[in-house]
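Welcome! Here is a short briefing on the cavities and pockets of one structure. Please have a look at it first.

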Amino acid sequence: MRKHDLISSIVWFIMGLSILLSSISFGLGTLSVPGPGFMSFLAGAIICVFSAITFLGALFSKSKEAAVHLWAKLNYFKLVSVLVLLFAYVFLIDTLGFIISTLLLVFLLMRFLGSLGWFQSLLGAILTTTCCYFIFDLWLRTSLPKGVITSWIF
Amino acid sequence: MDILNGFIVGIQVAFQPTNLFFCFIGCITGTLVGVLPGLGPTAVISLLLPMTFHLNPISGVIMLAGIYYGAMYGGSTTSILVNIPGEAASVVTCLDGYKMALKGRAGPALGMSAIGSFIAGTVGVILLMVMSPPLAELALKFGPPEYFSLMILGLTLLAFLSSSSISRSMTMAGAGLFLGTVGLDNLTGLPRFTFDLSTLTDGIDLVPVVMGLFGVSEVLSNLEQHIATREILKTKIKNLFPSKKDWLKVKWTLVRGTLIGFFLGILPGGGAIIASFASYAVEKRCSKEPETFGTGAIEGVAGPEAANNAAASGAFIPMLTLGIPANAVMAVLLGALIIHGVQPGPFLIKERPDLFWGVITSMYVGNVMLLFLNLPLIGLWVRALRVPYGILFPLILLFCLIGSFSLKNNIWDMFTMIIFGIVGYLFRKYKYDTPSLVLAFVLGPMMEASLRRSLLLSNGNPFVFFQRPISVVFLVAAVVLVLSSVLPGLRKKRETIVVETDD
């Protein structure tokens with residue numbers, strides 16, 4: 001974990017420092033009248049101090065544990081494709097509407113990432129979408145996005 | 001109002017058909033959440049939070065609470081039969097529960113965990129009832145400076161008890177405090193860290209954050225591995241009711257587990273996970289035959305299961321009486337109450353006795369329901385375990401998406417949710433403790449407000465926190481905690497208490 005601790009603590013330190021510096025521009029105020037930047041300044045300072053402790057701890061750590069490979073042997077394909085699908089869902093839901101985009105999302109996830117069969121995935125997608133539509137839109141009145149395409153049809 | 005009157009009010013509320021119904025729904029959902037690995041109560045409660053907007057707040061909270069303590073029941077089933085904890089608080093139950101199942105004693109293991117859970121859950125609720133009113137009375141004396149110091153103590157305690165190192169969980173607490181400041185400043189209206197994005201001016205919402213950190217990140221961590229099919233132990237489940245010999249063995253185990261669980265549950269960051277570990281350690285030390293632990297000792301199942309259920313009751317105390325959540329689940333429940341226009345805190349018992357006593361009484365009812373759901377219907381949950389992950393994870397992702405959308409009908413909340421999913425996944429990889437972040441995120445704005453109010457009251461005297469006795473006690477306790485974690489001798493002790501856990 002040592003190498004990873006060094007990396008993660010450096011990232012934290014840089015983030016803490018940038019929070020700290022931007023808080024100053026919001027105005028720190030005084031101890032008697034804290035300004036809008038006071039709390040985030042405090043947060044930035046906490047992040048900086050404790051990430052520095054993690055960094056030093058890892059730097060001087062004498063433990064001889066075997067190197068941990070966090071990023072080896074991972075199923076990158078699945079990881080990246082799930083994220084791509086999720087982002088695509090958010091960007092397309094306004095155009096395609098809830099029903100079409102959910103059918104696509106659930107089908108693709110089940111078929112290609114969940115390794116279910118074509119028929120199972122299709123059935124799963126249809127059932128899930130129908131249930132969600134009934135529960136959230138009709139029963140709970142969440143007004144899920146109708147989508148441009150649906151509004152052309154109706 | 002004394003406790004008996006309160007209980008009567010509670011019975012009237014809890015036994016209304018609607019509330020019974022939602023209590024039942026909560027218990028079923030909770031058991032299911034507990035049984036299914038890879039889906040924790042925090043994510044599910046935030047998932048169902050938007051659904052409760054259409055209910056009255058009492059039914060809503062009764063249901064959400066049911067999910068929380070219900071999950072504590074269900075988690076052990078998976079631990080015993082599959083050797084995978086269905087829920088983080090049941091990690092230790094794997095050690096002896098699974099071994100018991102291998103020896104053909106799956107029945108008594110399941111029975112003991114359900115009955116132990118029931119006893120501890122019920123006693124926990126009684127303690128909750130007895131202890132809340134005097135605590136709320138005491139909390140009435142708290143002004144903004146006391147609240148501020150108490151929250152400082154809470155955050156320190158959380159870092160102290162968290163599974164990762166103190167420096168890491170303090171870093172996460174800092175990050176949580178920072179996230180809490182995003183948006184318009186309440187006092188001056190100045191936009192902070194909004195990057196000119198209109199979605200950020202109102203601040204970041206709790207629900208997408210929690211769903212991303214606990215729901216999506218869990219799915220990502222599961223998907224990165226090449227999933228192996230889960231093997232459910234093929235055994236006949238018989239003799240659910242433990243033998244007389246078993247009972248004699250666990251008599252004191254249950255008592256100790258309940259007490260340890262309840263008091264650790266009250267502490268911020270303590271909660272069910274640590275309670276179960278602590279109880280296991282204590283039982284091993286108290287046992288006449290410690291060598292049987294890890295080979296299928298029934299005490300190793302009864303203790304932790306009692307502890308995590310009692311902890312689930314204890315955790316309600318700080319939230320209901322002080323308005324300060326003790327763990328991530330309570331933070332979401334607090335959020336739910338506030339959205340419903342109910343402000344938890346010392347005034348809750350007086351202002352909304354129906355809600356306060358109704359919710360607590362429903363927990364008795366819920367525990368009875370759970371006993372029946374988990375003993376005679378155990379076969380049903382075993383079948384739920386057979387649902388392949390390929391079906392489960394698309395549903396989890398979809399619910400997270402819809403849940404964060406439906407909060408405000410805002411598409412960008414889904415975007416925030418996915419981002420926090422990625423962030424949470426990285427946290428898991430690099431072993432940073434997510435609950436600290438969530439708690440600091442909820443407490444941050446409260447701390448900022450109480451800090452400003454304290455200074456306003458004291459005419460800008462920053463030493464006000466050191467001039468009021470209760471506040472001084474909290475601050476001194478916080479300093480002692482921090483120091484003790486730095487001093488080498490005590491540090492060792494802490495490390496033996498805190499066992500490495502995954503959330």
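**Pocket and cavity briefing**

The second largest pocket is lined by 50 residues, and those nearest its centre are B:Ile338, B:Gln343, B:Val442, B:Pro445 and B:Met446. A pocket is an open set of points on a 1 Å grid over the protein atoms alone, with protein on both sides within 12 Å along at least five of seven lines; a cavity is a set where a 1.4 Å probe fits but cannot get out, and lining residues have an atom within 4 Å of a point. This is a predicted model, in which local features need pLDDT of at least 70 and side-chain atom pairs pLDDT 80 or more, while totals for chains, interfaces and linings use all residues. Residues are numbered from 1 along each chain as its sequence is written, chains are lettered from A and ligands numbered from 1 in the order in which they are written, and side-chain values use heavy atoms, without hydrogens and water.

**Second largest pocket**
- Its volume is about 1,400 Å³, counted as the space filled by probe spheres set on grid points joined across faces, edges and corners.
- H21(B) gives the most to this lining, with 9 residues; helices (H or I, at least four residues) and strands (E, at least two) are DSSP runs numbered from the N terminus.
- The lining divides into 29 nonpolar, 12 polar and 9 charged residues, where Ala, Val, Leu, Ile, Met, Phe, Trp, Tyr, Cys and Pro count as nonpolar, Asp, Glu, Lys and Arg as charged, and the others, Gly among them, as polar.

**Largest cavity**
- The whole structure holds 3 cavities of 30 Å³ or more, and the largest cavity has a volume of about 40 Å³.
- H6(B) gives the most to the lining of the largest cavity, with 4 residues.
- That lining has 4 nonpolar, 5 polar and no charged residues.
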